[in-house]
Amino acid sequence: METTQKPLEKLNIFSFKGVQMRTFHLTWIAFFLCFFGWFGLAPLMTVIKKDLGLSKEQIGNIIIASVAATVVARILIGKLCDSWGPRKTYAALMGVCSIPVMSVGLVHSYEAFLLFRLAIGVIGASFVITQYHTSVMFDKKIVGTANAVAGGWGNLGGGITNMVMPLVFGFFVSMGYLPESAWRVAMIIPGVLLFVFAFVYYRFTKDTPAGNFEDLEISSEKSVKTKGALAKAAKDPRTWALFLAYGACFGIEITFDNVAALYFFENYETSLATAGILAGAFGFMNIFARAIGGIVADKVGNKYGMIGKGRLLAALLCLEGIGIALFAQSSSLAVAVITMLGFAMFLKMANGVTYAIVPFINRKAIGSVSGIVGAGGNVGAVLAGFLFKSSSISYSEAFMYIGGAIACIAAVVALINFEKEQAVMAETLSPSAEAVGS
């Protein structure tokens with residue numbers, strides 16, 4: 001027997017009681033595993049580079065491929081959440097994407113590896129489902145915090161994989177596998193975890209606090225109600241402001257997840273394990289940094305409204321841009337690590353603030369808004385990827401350009417009014433009703 005069929009007004013992270021908290025924990029774990037599969041190859045790229053004979057330009061194309069497919073996937077997944085429900089959508093995504101994760105080790109050419117990296121990138125759409133599912137499980141008073149904690153703990157997978165995959169690789173080498181075989185076998189592990197968890201998620205979560213779409217006999221009604229939701233979301237300029245903002249924060253996060261280990265390995269001549277640990281430290285900050293962003297956003301929103309949240313987001317983006325520029329000019333490994341942790345804090349807080357605003361743009365099209373904004377993160381990563389594939393500029397110069405671009409986006413976000421008329425807000429901020437399409 002569930003304790004309540006309404007969205008929760010409080011987030012007790014140590015509780016597994018009720019469908020809301022059970023779904024919360026299973027959702028961030030699912031996102032964590034998706035991140036693990038998505039970026040499992042990143043810390044092994046020094047080995048893969050040698051095995052497949054990859055050039056800098058080819059590695060740049062691979063980085064772009066790893067995030068490009070997610071752009072379209074996130075928009076489509078957002079629509080599916082609105083109509084099909086997050087439970088089925090998440091289970092299907094994990095099950096399907098586990099296949100290229102497990103089988104990427106079968107490739108022996110740059111072209112084949114590029115295609116597999118593109119296919120694996122679809123799993124990045126998992127973020128949209130994570131944010132959708134927590135948005136319908138928690139009340140507007142706490143939804144920013146819930147979204148930020150779930151997203152942050154899931155993003156933690158990007159850091160942990162940088163730490164763990166080199167160890168998994170080393171284990172298989174110690175078992176007698178050659179390096180060119182060990183990286184291939186290592187990728188089977190995240191693939192299997194994804195496949196198994198697809199069934200776990202389907203079995204133990206529900207679409208809304210009141211039940212699944214089909215159990216409540218609202219699936220077809222929900223589909224009718226959400227018809228045109230994507231168009232409505234796309235017509236709102238605030239959606240595109242958040243699209244840009246998320247490209248400037250999350251887009252740079254996944255770019256950094258992709259290049260950090262290689263950057264430390266080549267620029268500061270660290271070992272593969274050390275480079276993985278340093279890159280992992282960047283991702284590990286998600287355990288608290290994104291959550292802090294969501295918590296601060298909720299407090300600022302309660303006091304200053306949506307305008308306050310918008311100004312907070314702009315300020316964090318500006319600080320992130322400055323931090324990245326300082327990181328690019330680091331003269332030593334110690335300075336690089338310190339500046340990395342600094343800009344990482346602002347970046348991850350900005351992630352949390354962005355999705356503390358998303359649920360308030362259009363409650364009736366929350367999946368579509370979330371999908372478009374989430375896609376913005378990957379568009380940012382794709383554009384950044386072109387900088388890192390260029391043979392005419394160094395990685396340090398690429399980071400400098402990125403810092404400047406983020407500062408410009410911060411200025412744009414500062415000019416946007418995220419507030420809505422109170423009458424409209426009262427209508428759209430009814431999660432218990434809209435979550436089940438009543």
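Q: Which ring does Arg 87 lie over?
A: Arg 87 lies over the face of Tyr 202, at 4.0 Å from the ring centre. A charge counts as over a ring if NZ of Lys or CZ of Arg is within 6 Å of the ring centre and within 35 degrees of the ring normal. Keep in mind that this is a predicted model, where local features need pLDDT of at least 70, side-chain atom pairs count only at pLDDT 80 or more, and totals for chains, interfaces and linings use all residues. Residues are numbered from 1 along each chain as its sequence is written, and side-chain values use heavy atoms, with hydrogens and water left out.

Q: And what about Arg 203?
A: Arg 203 lies over the face of Phe 204, at 4.8 Å from the ring centre.

Q: Switching to ring pairs, how many aromatic pairs are there?
A: The count comes to 37 aromatic pairs, taking rings of Phe, Tyr and Trp (its six-membered ring) with centres within 6.5 Å; planes under 30 degrees apart are stacked, over 60 edge-to-face and the rest tilted.

Q: Why is the pair of Phe 256 and Phe 282 tilted?
A: Because the planes are at 45°, with the ring centres 4.5 Å apart.

Q: Where do Phe 256 and Phe 282 lie?
A: Phe 256 is in helix H12 (residues 237–267) and Phe 282 in helix H13 (residues 272–284), so the pair ties together parts 26 residues apart in sequence. Helices here are DSSP runs (H or I, at least four residues), numbered from the N terminus.

Q: Are they buried or exposed?
A: Both Phe 256 and Phe 282 are buried, meaning under 20% relative accessible area (1.4 Å probe, protein chains only).

Note on methods
Helix = DSSP H or I, 4+ residues; strand = E, 2+ residues; numbered from the N terminus. Buried < 20%, exposed > 50% of the residue type's maximum accessible area, 1.4 Å probe, protein only.
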